[in-house]
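Hi,

Here is the structure I promised to pass on. Have a look at it first, and then read on for what turned up.

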Amino acid sequence: MENILIKDIVKDPDIYPRRNESPKTIEAYAEALEAGAKFPPILVQRISTNSGNECIVFLDGVHRARAHEQMRRQSIEAGYWKDEILNKEEWITQLQLESARQNFAHGNALQSEDKHQQSRKICEKNWDITEQEIADALGVLQRTVSNWVSDIKLKQKAERGAIIYRLTKLGWTQGEIAEAVGLTQQAVSEKIQNLAELLKLVKSLLERGDSIEKVAEKLNLDLQLAWSMALDGLDDFQRLEMLNEKVEGLSCKPRPYDVWNFASSHDLMGYKYEGRIPGQLILQLLYFYTKQEDLVVDPMAGSGTVVDACLLMNRRCFAYDNKLESFSKRIDIRESDAIEAIRKHKAKLIFLDPPYSKKKEKEYGVESISSLSKDEYLGYFSNLSKECINRLTPDGRLALLMSDYTEEDPSESIFIHQYINRFENEGFIVERIIQCPLSPEQLHADFYLKFTKSRKLGRLARYLVVFCATRPK
Ligand SMILES: C[S@@+](CC[C@H](N)C(=O)[O-])C[C@H]1O[C@@H](n2cnc3c(N)ncnc32)[C@H](O)[C@@H]1O
C-alpha cells in the first residue's frame, strides 16, 4: 500500500469500465471524508505500452479519488493489483476483467450500459474468452453477454477463417494452423474444405464488377488474401501485369535488368514500419528466381513484406523475426532467431534483410544482431551462411539485401564485399548483384542540406546480392 499522487493516475478507457463519473457519488464521498470517514484503498496498476510509455492506471476507485481531489487532497492510499509492471497489450484482457470485477463488487455497481460496453471491449481484444467468463466478471447472465457481443464473435469467426486460409496458402500444416489459431485440427480441416467455395465466390463477385476492396470487405478477407484468390490460376507474368494495372501506385511489371529502383514501399505488402522495404522489389525477386508453390523463408521478416508478396505470387512462405512488433499480432510471422529459423525448412529461396549493423540499433532492441560488435556481427553472418547452405534445395538461391555501413572510424565500417566474403567462405557463389538504391527522401527529410553542409556523403546505394550454392546449369 502506498500514497500516490492522484494526478499521476490515468483513467484508461480501454481498461476502466465506467464511462461517466457520478457527481452525486463524488459529493457524498467528499462529505463523508470531511466527516472523518476512511475509505478502503483504491486499486491501481503500473503498466507499460509497446511504444515504451509507462503509467499508473485506475482499476477501481475513481470516485474515491475524485472525492479526495474535491477535498484538496493531492494523494490517495492505493494498492497495486500486481507488483510488477504489466505490458498493456499482453495483459489487456486480465486488466479489463479485474477492473470490471472490482467495480461490480462494491456498492456503487456499474451501470448496465457500462457493462455492455466493457463486455464488448473485452471480447474485441480477446478472441478466445468465453461469454461465460465475461458474464462471471460482470455479474450478469451468459445470455446477456451473448446478446451484447454476438456481432463481434461472428466477425472474429470470419477473421479466424481468413487467417486459416492465409496460413494454408502459405504452406502451413493443419497441425501448425490449429496450434496457432487455438482450434482443433478437425475444425481447421473443416474450414479448409470451404476454401474452394470461397474462391468461386470471390471470382464471381469480381466478374460481377465488384472491386477487390469491396470483395475483401464483404467476405471479411484481408486485401492480400483477396488478391491471391483473384489471381488464382494466372501465371507469374499475368499476375504482375494485373497487379500493375489494378493496384494504384504499384509499379511491378517485370524489370529484366539489374537495377530495381523503387522509391517507396506500398501498403499492399508489409505493415507501415520504418524498416519496411518496397514489396515491389520482392515481387521482382520472386519472378526471376522462383516458381509458383516454391518455398521461401524470410528469417528476419520485420513487418512481413515478403509474406504478403508470396501470397500475391502463390509461393509458400515461412517467416520469423526475433522481435515481434505490435503489428506482428500477424500470426504468419513466428518468433525465432534467424539461425534457428533457417534450420526448420528446406527452401528454394532464403531472403535476408538484416539490420544494417548498428543502424536502428535502438529500434530493433537488445536481442537484435544490431547490438553486436563488428566482429560478432560478421561472425553471425558466417554462422548464418553455414546454415543457409545446408538448408537450400540444390537449385536454391539466397538473396541478401544490404547497404554499406559507414562509421567515422573506417575500421568500424562494413562494406558489401565483407558480407560477400563470409558467404563465399561457406561455399556460396555470387550469381548477380542487383542495385536497389534508396531514394534520398528515405534517408532524411533535409538530407541535401545536412550532408552538403557537413561535406559528408549520404548512403543511397543498396544491393541485392543473389547467391547460389552450386553453379546454375
Ligand atoms: C531490416 S528489418 C526487416 C524488414 C522487413 N524486410 C520488412 O520489409 O518489414 C530487420 C529485422 O531483423 C530482425 N532481427 C534482428 N536480429 C535478428 C535475429 N538474430 N534473428 C531474427 N531476426 C532478427 C529485426 O527485429 C528486424 O525486424
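Of the 473 residues in the protein, 35% are buried (a residue is buried if 20 or more other C-beta atoms, placed from the backbone, lie within 10 Å of its own). Keep in mind that this is a predicted model: local features need pLDDT of at least 70 and side-chain atom pairs count only at pLDDT 80 or more, while totals for chains, interfaces and linings use all residues. Residue numbers start from 1 along each chain as its sequence is written.

The C-alpha trace spans about 90 × 60 × 40 Å along its principal axes. You'll find 20 helices and 13 strands in there; these are DSSP runs numbered from the N terminus, with helices (H or I) of at least four residues and strands (E) of at least two.

Now for the ligand. It has 22 residues around it, and Met300, Gly302, Ser303, Thr305 and Ala338 are the closest (near means a C-beta atom, placed from the backbone, within 6 Å). That shell is made up of 10 nonpolar, 7 polar and 5 charged residues. Here Ala, Val, Leu, Ile, Met, Phe, Trp, Tyr, Cys and Pro count as nonpolar, Asp, Glu, Lys and Arg as charged, and the others, Gly among them, as polar.

One helix pair is also worth a look. H17 (residues 374-391) packs against H18 (residues 416-425) at an angle of about 35°, and their axes are 8 Å apart. Axes are lines fitted to C-alpha atoms over the stretch in contact, and angles run from 0 to 180 degrees between N-to-C directions. Leu378, Phe381, Ser382 and Ser385 of H17 meet residues of H18 including Tyr419 and Phe423 (contact means C-beta atoms, placed from the backbone, within 7 Å).

Cheers

Terms used: Buried ≥ 20, exposed ≤ 12 C-beta atoms within 10 Å, placed from the backbone. Contact = placed C-beta atoms within 7 Å.
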